[in-house]
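Visitor: I would like to go through the charged side-chain pairs of this model with you, step by step.

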Amino acid sequence: MSTIFKKIAILPVLFYQYFISPLLPPMCRYTPTCSQYTKEAILKHGVFKGGWLGIKRIARCNPLGGHGHDPVP
């Protein structure tokens, strides 16, 4: 049952990756990208914790934030 919720939760991320991201120049300061990180976090930790990790990562992805390799914990 929780797998269904995870798949539903990553649908907006997949939409962004396939339809919006190709139209924008590469901007992410981290690897993996913020959208890939969010998708992996949701699949690994569940909708709530993974979603929270994704939100925190997106908030860090700014000129004053860090950069480099930042895998899902």
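The questions and answers below concern the salt bridges of this predicted model.

Visitor: How many salt bridges does the structure hold?
Guide: One of them joins Asp70 to Arg57, and the side chains of Asp70 and Arg60 also meet in a salt bridge. The number of salt bridges in the structure is two.

Visitor: How far apart are the closest N and O atoms of Asp70 and Arg57?
Guide: A salt bridge requires a side-chain nitrogen of Lys or Arg within 4 Å of a carboxyl oxygen of Asp or Glu. Asp70 and Arg57 form such a pair, with their closest N and O atoms at a separation of 3.6 Å. The distance asked for, N to O, is 3.6 Å.

Visitor: Is Arg60 buried or partly exposed?
Guide: The cut-off for buried is under 20% relative accessible area, and exposed means over 50%, with partly exposed in between. Asp70, at 18%, is therefore buried, and Arg57, at 0%, is buried as well. Arg60 has a relative accessibility of 32%, so this residue counts as partly exposed.

Terms used:
Residues numbered from 1 in each chain as written. Predicted model: local features only at pLDDT ≥ 70, side-chain atom pairs only at ≥ 80, totals over all residues. Heavy atoms only, no water. Buried < 20%, exposed > 50% of the residue type's maximum accessible area, 1.4 Å probe, protein only.
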